[in-house]
Amino acid sequence: MQTCTNCSTLRGTTRILSVGLLSLLLLLSLTSILWARPAPTEQFISGKVTARTGETLPGVSIAVKGTTRGTTTDGDGLFKISANVGEVLVFSFIGYGSREVKVDNQTYLNIILEESASSLQEVAVIGSRGMPRTDVDRPVPVDVLNAKELQTTGQVDLGQMVQFNSPSFNSAKTGVNGVANFADPATLRGLSPDQVLVLVDGKRRHQFSALNLNQTVGLGTVVTDMNSIPSLALDRIEILRDGAAAQYGSDAIAGIVNIGLNKSVGKGTFKTQYGLNKEGDGAGFMAAVNYGFSLGKKGSYLNLTGHYQYSGGTNRSDPYVGNIYNATKAKEDSIRRARGVWPVGTPFRVGVYGSNQTKAYQGFYNAGFPINNQWSLYSFGGYSRRDIVAYGFFRNAIPTNANSTPELFPDGYVPELPGQTVDYSTVVGVSRKVAGGWALDLSTGYGYNFLDMWANNTTNPSMGKDSPTNFYVGRNGFGQSTTEVNLSRNYSGLGSLKSLNLAFGGQYRVDRYQLMPGSPESYQVGALAKTKNKAPGSSGRPGIGPEDATDQTRSNIGLYADIESDITNRFLVAGALRFENYSDFGANVSGKLASRLKLSEAFSLRGSINKGFRAPSLQQIYNSQTTSTVQAGVIVQTKQLPASDSRLARIGIEQPKAETSWNYSLGLTAKAGSDWLMTLDAYQIDITDRIIVSERMIVSSITALKTPFAGLSEIRFFTNHINTRTRGIDFVTSYKHAFSAKSRLNASVALTFNETKIVGQKATPSLLQAETVKPILMIDTVSIGLIETAQPRQKVLLSVGYTFNKVSLNWRTSYFGPVTAYEKPAGKPHISQTFAGKTLNDLTVVYTPTSRFSFSLGANNIFDVYPDKVLATTASYSNGEIPYTRNANQFGFNGAYYYGNLTVNF
């Protein structure tokens, strides 16, 4: 009798799917019944919004409370909106207190907003398809960062702006680190970059095209490049610190970053900034402009942003202590004196280790147009091109070195590794209110990223003197097309319920991944590979060969249902269910329950439990990379195998499948008047079947690999292998108070403590381990460290701002906890080094002589704090080239940065 080893799992999945589909059918049935209810009488209300001074306020947000309907004022502060008698209009604008107005028989309103320090309780829409809520009223935690908060950091990259505003978000610049040079790994709650979902105005953003295969945070993952969006195009960023795959689909295990776009009209902003590091390098210049146009109809807008940025490279390498010409000191010194290029007895640097030189050209648009009283058209998108120059390790000129080419570089060389990353995207949609008060949103969008790579000032050592010194390495490409439909309806006073919001919809997505070959010389195996053991391919970055080229697609369809209800004034319950089916690995069902209980007007308890998932990326499934080397005069290859390679099944390696997660959270919120609020949230995230890239497996040392992988030196592949558990606490408290119209104080403390541990590993497949005595490790200490200890477990952000009349002072203190990095020296046991936690302090002074002009002077990391240095006795120090670890991600290593900027409002 045959045994079905997966039957129990299959039966469990079937039960979940059956229950999920049944729930969805019941909800749809309920919806059809409710749809038939007669709609309340509605009317169009127009009006004008001004400040107390009489100044018109363009861009004021106007929402019908308890619904998803809303609009904004135009350049003259005018608005028009449809609402039912008895509904409440909520007027809100950054820098002004919000105001609520109940709809009666009036058809024209004059609204005056009072100026305030800023809205303490920011309203967010992410995490709920029901009514917008402030943080203390949400069942799950959401950070809301408005555009002003982001701009006052003095940072120019969006990822770094968020880094110093959100404790759970982590992103730091790297150097000499492969693909991470071109797209910063950004994480949430200490998890991987691909376990956070990025949205733009609630729509899924496409991912970066290239896979990170270097020994740094995010090894084996693909990021979403937030730095491809110009900061002036933003109105706010919302960070949902809770799993949300049941609401928004794959990847939202750690949470969601939603980038809200600027919709203002009739006003513009020009901003320019120049800065410099204390060391005199890293000079940066940025110029950006934003302006919003009315399209000739009330409620219409076309908001445009242009952005140019130049950031000079930095170099923090130590003096070089290795040899350049010969392995013996006497001969080395003699050649140095004769050549006159590198000194003897005087410190000098050979490498370039720091932030990369970057030129960015970016544009973004956001448009909306009310076609008639029912239909509205919207669209947004943009283009980004960034030219980045990274560097490899120094190649010495010792003739026997596999990477040296003395005929072309008699004094050694440092490979220059430029890349050009291009993003373009657009989303077009329509929305309307349909029968029964339902809101319909239908949209389609496409986004694409490609990374072109070169290797310059280098050689193909196996070609000797015949080698070019500049190579085209190839292209990574990734495109994503998404079409979705969403329906939602909010009911007020339905039976005994205070409110009930129903939402359901579907999404169809197609992904495409491409690898395109480089120039033949970038991967060619020259004659010197056999005769002199010289390394083939462009040194520093081997090219993509024809055998690794790929062009693969997959599709998936998702269906979801979402319900949220204020059962009473104090008790809120929300739930969601989502079914997705992928063309390659199959189906998944996700679910979520969340609740909030108001203990009083000042205190609330909240909590959630959700089951999420992350589908393996196309890059993880189909990436292939071949590197040739020479061993004992024989050319052998190291290969990153695609999951589609049939030989993997012969050694027991299964195709990658979805990671699944259970996320639990429990929180307390508190507020006192309009000045102070506090949130405290504890969470646990259990991830099963987490995908890793395996260790490099030496074919000659593993019996099961010798036959199927003959001709290869090493292999590497992706597999579901580990289970992890992340536990943590997030704490946020804010105090904002206006002493007078000219005197305001803002203060906040935000901190996170978390820990990720590997709590289980699958056994090495018996087919792979067969006839090999030594245990074969799928994941070793270095890779484990990248998951468990390479990111700070503690992060604390303290911010104080005081404004008096026309001058503002802002002080920010940021503490980044210790990190630990591991390395494996050849033939020796693993070693580790812990780098102590450090505190950075930033100061900004802002002078605003008029409402049109603002001048800022600032210093980031004002006390010039650096991470601890790598021990000079370790291999990772690389003879002085890498004084700060590449195997952990703490806060960067450029030291103090001074800047000034000018903002002009028009």
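Helices here are DSSP runs of H or I with at least four residues, numbered from the N terminus. With that in hand, welcome to this predicted model. The protein has eleven helices and 42 strands. Its radius of gyration is 29 Å, close to the 29 Å that the globule rule gives for 906 residues, so the protein is as compact as a globular protein of that length.

**Overall build**
- The C-alpha trace of the protein spans about 95 × 80 × 45 Å along its principal axes.
- Buried residues make up 59% of the 906 in the protein.
- Take the contacts between residues at least 6 apart in sequence: 70% of them join residues at least 24 apart.

**A closer look at helix α5**
- Helix α5 covers residues 329–339, and Glu332, Asp333 and Arg336 are buried in it.
- These three residues cover an arc of only 95° around the axis, which puts them on the same side of α5.
- As a reminder, an α-helix has 3.6 residues a turn, so residues three or four places apart point the same way.
- Ala330, Lys331 and Ala338 sit on the other side of α5, where they are exposed.

Definitions and conventions: Residues are numbered from 1 along each chain as its sequence is written. This is a predicted model: local features need pLDDT of at least 70, side-chain atom pairs count only at pLDDT 80 or more; totals for chains, interfaces and linings use all residues. Side-chain values use heavy atoms; hydrogens and water are left out. Helices (H or I, at least four residues) and strands (E, at least two) are DSSP runs, numbered from the N terminus. The radius of gyration is taken over C-alpha atoms; the globule rule is 2.2 Å times the number of residues to the power 0.38. Buried means under 20% relative accessible area, exposed over 50%, partly exposed in between (1.4 Å probe, protein chains only). Contact means heavy atoms within 4.5 Å. The arc is that of the directions from the helix axis to the C-beta atoms.
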